[in-house]
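Please consider the following model, with attention to its pockets, its aromatic residues and one of its sheets.

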Amino acid sequence: VLATVYRKPDKTLIALGHWPSELSQPSATTRPTPTAPTVDGRLTPGEWDQAARLTNFIGLGSQELAELQTECFVTYDEQRLYLAFRCATGGAPLKATATGRDGIVWEDDAVEVFIQPDINAERYYQFVGNSTGAFADGVGMDRSWDGEWDYHASVGDGVWEAELSIPFASLGMATPTEGTIIGLNLARDQQSPRAYLSSWAPTSSSFHEVG
């Protein structure tokens, strides 16, 4: 905190300024699921009740809450990590032009997952999917990596949903045990009704800010 004092014979003014060195990072705890969710792109009632619920997505480079909010659910079993997204749309038509694998999915209405299996290492994985089921993946910025994972999405009334599952083996890690900590961020590429980028953990200029 910087404090500057301005003094005159009959008055004093103190100006305070604060520039945090890093943005506050959220944390969450999840638990293993007794029954694995069906990864079909539809969040069935009761299916994610035991999962951690993460929301309050904020805009890229800001601290403001996104007007159209995103909910994400996270759980796991012995083999896989499971995630689900519910994205409010306000009824706007969605942009979905990417098809197949490893297209420019992030230029559509899409969701993104960033996973850092070892928080002390630089290696991280990115998974992206749009509202029609097209997806992309990579290690860091390297798109040549194709992991084994499942992704499906669906569009409803005022909302679109996505579900994915990722084997821990694809992430080069063992099944988590109590106390295991991984790096995780969840992001949304909103294109409709206007372009707006948001994420669960704050980022200043890019979702690829990991660590």
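On a 1 Å grid over the protein atoms alone, a pocket is an open set of points where a 1.4 Å probe fits, with protein on both sides within 12 Å along at least five of seven lines, and lining residues have an atom within 4 Å of a point. A volume is the space filled by probe spheres set on the points. The model is predicted, and local features need pLDDT of at least 70, side-chain atom pairs pLDDT 80 or more, while totals for linings use all residues. Residues are numbered from 1 along each chain, and side-chain values use heavy atoms, without hydrogens and water.

The largest pocket has a volume of about 1100 Å³. Its lining comprises 37 residues, with Ala28, Ile181, Ile182, Gly183 and Leu184 nearest the centre. Strand 12 (183–190) supplies at least two residues of this lining, as do strands 3, 5 and 7; strands are DSSP E runs of at least two residues, numbered from the N terminus.

The second largest pocket holds about 190 Å³. Among the residues that line this second pocket are Trp106, Glu112, Arg143, Asp189 and Leu197.

One aromatic cluster consists of Tyr125, Phe127, Phe135, Trp145, Trp149 and Tyr151; rings of Phe, Tyr and Trp (its six-membered ring) pair if their centres lie within 6.5 Å.

Six strands form an open sheet in the order 4-13-12-7-8-9, with antiparallel pairing. Strand 4 (58–59) and strand 9 (135–139) each have a single partner strand, so one side of each lacks a neighbour in the sheet. Pairing requires at least two DSSP bridges, and two bridges join strand 4 to strand 13 (residues 196–199). Isoleucine 58 stands opposite serine 199 in strand 13.

Notes:
Helix = DSSP H or I, 4+ residues; strand = E, 2+ residues; numbered from the N terminus. Phe/Tyr/Trp six-rings, centres within 6.5 Å; stacked < 30°, edge-to-face > 60°.
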